[in-house]
Amino acid sequence: MPEKTLIEAIHDAMDEEMARDPSVVLLGEDVGLRGGVFRASAGLIEKYGEARVIDTPLAESSIAGVAIGMALNGLRPIAEMQFADFSFPAFNQIQSEAARMYYRSNGGWKVPMVVRMPYGGGPGVHGALYHSQSVEAFYAHIPGLKVVLPSFPYDAKGMLKAAIRDDDPVIFLEHKKAYRSVRQEVPDGDYTVPLGPAEVRREGRHVTIYSYGFLLHESLRAAEQLKGEGIECTVVDVRSLKPLDKKTIVEAAKLTGRVLIVHEDNVSFGAGAEIAAVIAEEALFHLDAPVRRLCGPDVPGIGFNHVYEVEFTPDAARIAAAARELARY
Amino acid sequence: MSDWKKLGLTAEDLVGMYRTMLLARRLDERQWVMNRMGKAPFVISCQGHEAAQVGCAWALERGKDFTLPYYRDLGVVLTMGMTPREVMLDFFGRAEGPSSGGRQMPGHYSHPRLRIVSQSSTVAVQAVHAAGIGYAARLRGEDTVVYTSFGEGAAQQGDIHEAMNWAGIYKLPVIFVCQNNKYAISVSASKQMAIENVADRAAGYGFPGVTVDGRDPIAVYAAMKRAVERARAGEGATLIEAKVYRLTPHSSDDDDRSYRSREEVEAERKRDPVLLFAERLKKEGVLDDERLAALDAEVRREVDDATEYAEKAPDPRPEDLYARLYATEPVIGQGGGARA
């Protein structure tokens, strides 16, 4: 089986879906001739033509809004926000329109669209305040949306295909630092991975770590490091925030009684708060230590300077330290 | 005056247009009565806009062309085939209402079979959807036309600019109709924009912009017909600005005495488009007093029937709050199907 990076897996998913279904179109800034600023759509305009691979005006509200209209009239658009940070001009179209169209029409109008957004940063990315943000909490708050963030190439391909075939609007978040740094064997050809279920990446009896995005990989590195010290970690890949796989989250908490939630997004009102609430509601008496969050601090973003990048972003060493503390509690 | 014949309209069309305008007016009036009786919480009016609305929609093809109306467009949705019963079901928020089954406020029309697309309360957003719908139609080689409307207040929103920009670039079959009634609730048009006509902005998008007297359904129809022909032929979009006047407050929750004089409103009432069109049809010999009275009686009976039917229709059930949130039910069942 060929090894693929996360971005190659995303490319392949779009390529295969566009070949399979003529109603699939891609639109966004620079997605055509340039093949996307991250090259996710490299070669697609040559294969499918400029009517289906659309270089849009630099105006995000209309990228989302035009995609909604296309979805209302029989297409399955993939809208790319060049950076998740620039999705906010489209926020009204996503929250007031895409998310509620089906509900507000009492099931009359469907919006089968995917909004792909590269998000996140960390040391070496130098994306600064407006090319590094984690936006998942904003979207995961909205009923009517599905919000997924696969961290492995196999999932990225299978979940993007599932998202394109889904009849609801799906926010598909791609961590920029994982784009080329994560490789995995990915089968050629068709398969899907369902939107929703979390995946336990590693089982251990002492501490449970919940994460997603690039920090999931840092969490797995931390778990490997701790193994040498005799601390065994369960690591849960929370690859969907909406819906949230409460069952897997609760079972994994019961397994160890010590839970650590890791994400890059600002700590307050982040996805970790929801995961902690689920554990508090459904697994409190199985806990042997207070719930711990290790997340981005409450500042507007990851600063440009390397010092800021390192200070902002949790890494394997900090995750290991937090897990170690929990194990000893 | 009798240029309607040159437009291909028949006397029957004219009677149909008048009847639809009158039906919109009478339904709207009944809604105010129901509201003031305490039987319904909210009205948003079409009064004063009927000629612009029916004149536009008369040039569209029912069930084929899309309409993305705004909340005043009762005349449009009636022309496209919504029935008085459906309108009143939505007005009372009943479960059977086609637009939302009681989820949305009145005036937020939706009717998938008639290709009337669900609308929001955030203004101008639907114009961008219209561009996407037009793009999809063109991609498949269909000659479908897309109508979308908004007030001169909403015309100031960025989404209108973005939608028209797309329509210009791709020559999309979209007809943008601005119903300029001079007030965005209380704020006059002169505080909304520095120019006189919204339609002048069309030049910036590379397609024609026309202003028409929105009190004259024939003039509006003529402008719309040209726009529809252009759109069907693949020549692109048109912006039509219909100058109208809102004869009621913004909604049942508004009091317009704080921002416009009674003299102004009274003067406008004398130019009521429904009355003007009745006068004109008499002059043209299309209708006489007797037929006008008969039409009014017929329309009033329809409004009575619709009101009675909708008043008795059942409300949604509490459990409907959770239903139809996702079209593809999530695999792990967290789709809001269960009561918290």
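**Reading strands, domains and contacts**

Strand E13(A) is joined to strand E14 (residues 292–296) of chain A by 5 bridges, and the two run parallel.

Visitor: What kind of model is this, and how are residues numbered?

Guide: This is a predicted model, in which local features need pLDDT of at least 70 and side-chain atom pairs count only at pLDDT 80 or more, while totals for chains, interfaces and linings use all residues. Residues are numbered from 1 along each chain as its sequence is written, and chains are lettered from A and ligands numbered from 1 in the order in which they are written.

Visitor: How many bridges join strand E10 of chain A to E13(A)?

Guide: Two strands pair if DSSP finds at least two bridges between them. Strands (E, at least two residues) and helices (H or I, at least four) are DSSP runs, numbered from the N terminus. Strand E10 (residues 207–211) of chain A and E13(A) run parallel, with 4 bridges. There, Tyr210(A) stands opposite Ile261(A). Towards E14(A), His263(A) is placed opposite Cys295(A).

Visitor: Is strand E13 of chain A mostly covered or mostly uncovered?

Guide: A residue is buried if 20 or more other C-beta atoms, placed from the backbone, lie within 10 Å of its own; it is exposed if 12 or fewer do, and partly exposed in between. Strand E13 (residues 259–266) of chain A is mostly covered, with 7 of its 8 residues buried.

Visitor: Which helix belongs to the β-α-β unit with E13(A) and E14(A)?

Guide: A crossover is right-handed if, with the strands pointing away from the viewer, the path from the first strand over the helix to the second runs clockwise. Helix H11 (residues 271–283) of chain A forms such a right-handed unit with E13(A) and E14(A). In chain B, the crossover from E6(B) through helix H7 (residues 217–232) to E7(B) is right-handed.

Visitor: Into which domains is chain A divided?

Guide: Domain bounds come from an automatic or database domain assignment. Chain A has domain 1 (3–185) and domain 2 (199–328), and their C-alpha centres lie 26 Å apart. Two residues are in contact if their C-beta atoms, placed from the backbone, lie within 7 Å. The contact between these domains takes 26 residues from domain 1 and 25 residues from domain 2.

Visitor: How many residues does each chain give to the contact between chains A and B?

Guide: Chain A gives 42 residues and chain B gives 39 residues. On the side of chain A, the largest share, 9 residues, comes from H3(A).
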